[in-house]
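Have a look at the structure first.

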Amino acid sequence: MLFENFIRSMVMIENDEVLIKSRFVQVVEGGGNAIIWHSLFGNPKRVSVDTLDLLNIFSSPLSLNDFLNEYDIGENGIEVINDLAEAHYIIPNGFDERAHLETITQEHEKVISASQLARRLDLKLTEECNFRCKYCIHFKSLDISDRINNPEKFMSWEIAKHAVDEYVLLMKHLDKKVSRITFSGGEVLLTWDILERVVLYYKERYEFDYPCSYAIITNASLITVEIAKKLKEYQISVASSIDGLEQVNDLVRITKSGSGTFNRIVCGLDNLKDQGVPVDMCITVTDDNFPYIDERMVDWAVERGMDHLRFTPDTINLFNIPVQELVIWLLKLRAYGKTKGVDVTGGWHRPFSNFNDSALDKLCGYCTPICGDTISVSPAGLIYGCCYNTNSIGSIKQIGCLGNEKKYREMICDNVVGRRRECFDCEIEGQCIGGCSITRESSTDASNPKVTQMCELHRQMTRELLLEELTNWNSDIFK
Ligand code: SF4
Ligand code: SF4
């Protein structure tokens, strides 16, 4: 019997082993179907209510033999049980899933010392910006970061070149054939000269052997026609932000002197559009602009030929908007976006996206930087996991042996599924995995209420997106 074979191979049990529904099984029901997932291991599946009923029979311990004697489920039923066991929804009674995960995680951790997780170099070219957005994640994190003590606010060519050379050496050592360099800030275009020099240097010296993709995050205000042409020529992807239409944007996204930025942003975006450079746009939602943003923002994106918009509720400052209200508002914009061919997402989508991966297969964290994917270099030549993290994990001299660096290892090991004690038994423990580390770092207060607020948002949105999935059934997540 398939099921017996599977169980034997998984944990070497006897035929009369007593089975039970995992306590980590989570369910969202709607329209006569359900999505179930394992809050540690993921493995989401769409099932019928009949399957759910079958699963619930194992809410109390029951041996497979007793079950088969009591219920006439036929060949199909056996297959269903096999699937449920394969996804760990049904487990041998007493099977310690956390211990099982820990054993697997320790195996996966071996790739850290080989530095195999590193893939992307991020050059934080400057700590400066010509804007002073009211909610700015960069300046708020800078204030509480070890970067604040560094007098260098702009990256020198020497630091940039050194970082690139070390990074390529590491990629060579790891036998990786493709690389990725991103440029972040502050406002990266305040250092366009260094940015361009890095790209030209890389293209001349390394591009042939190690093809590279490039990306920048910019506030767009400094994108001239010339720069737009160069971005096109160098094939640099652009991510930018606008926080509403005209006066709404200007409530929160302001210059150093406090004036509005909308027209300057749009001018930069127009230059990009004229050159055919696509932009990935983000709208940060705060108490100030929330009441005024509506479907017109999606219409604006459509007019500009965009097919994706990210609405990101302020990640570090507590907002007064009730989470439930925010969730409904985001869903409304998302539904409207669908009718217009615009995919509306945001950070709230990440736990749902993380259903694509299972901690049984690899080290899984909230985002790729926390999993050691990124080497973010500050103007002082110090390394961070994400360009907004507050504490460095080394210096550029250590890029080559990153996997042996204690702080790098800790950053990953402390943030993978099953290691964050405060997340134990959360229904999306294996998908949210502690959420954004910048939110957690934004307060020294252990009871950081912002974390609680983001937890609520993540949980509610994940349930809603699963419900949406039940009705639309259009993602690759659910096999
Ligand atoms: S443009 Fe970006 S870095 Fe500059 S103030 Fe605004 S949020 Fe901060
Ligand atoms: S951060 Fe909050 S929502 Fe995310 S896994 Fe932890 S407890 Fe759950």
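How much space lies in the second largest pocket? About 310 Å³, where a volume is the space filled by probe spheres set on grid points joined across faces, edges and corners. A pocket here is an open set of points on a 1 Å grid over the protein atoms alone, where a 1.4 Å probe fits, with protein on both sides within 12 Å along at least five of seven lines; lining residues have an atom within 4 Å of a point.

This is a predicted model: local features need pLDDT of at least 70, side-chain atom pairs count only at pLDDT 80 or more, and totals for chains, interfaces and linings use all residues. Residues are numbered from 1 along each chain as written, chains are lettered from A and ligands numbered from 1 in written order, and side-chain values use heavy atoms, without hydrogens or water.

Of the pocket's 17 lining residues, Ile370, Asn389, Met411, Asn415 and Glu441 lie nearest its centre. The ligand 2 shell (residues with a heavy atom within 4 Å) includes Cys423, Cys426, Cys432 and Cys455.

Helices H17 (429–432) and H19 each give the shell at least two residues; helices are DSSP runs (H or I, at least four residues), and strands are E runs of at least two.

H19 (449–472) also packs on a sheet, touching E2, E3 and E4 (contact means heavy atoms within 4.5 Å). That open sheet runs E2-E3-E4 with antiparallel pairing, and pairing takes at least two DSSP bridges.

How values were computed. Axes are lines fitted to C-alpha atoms, for helices over the stretch in contact, and angles run from 0 to 180 degrees between N-to-C directions.
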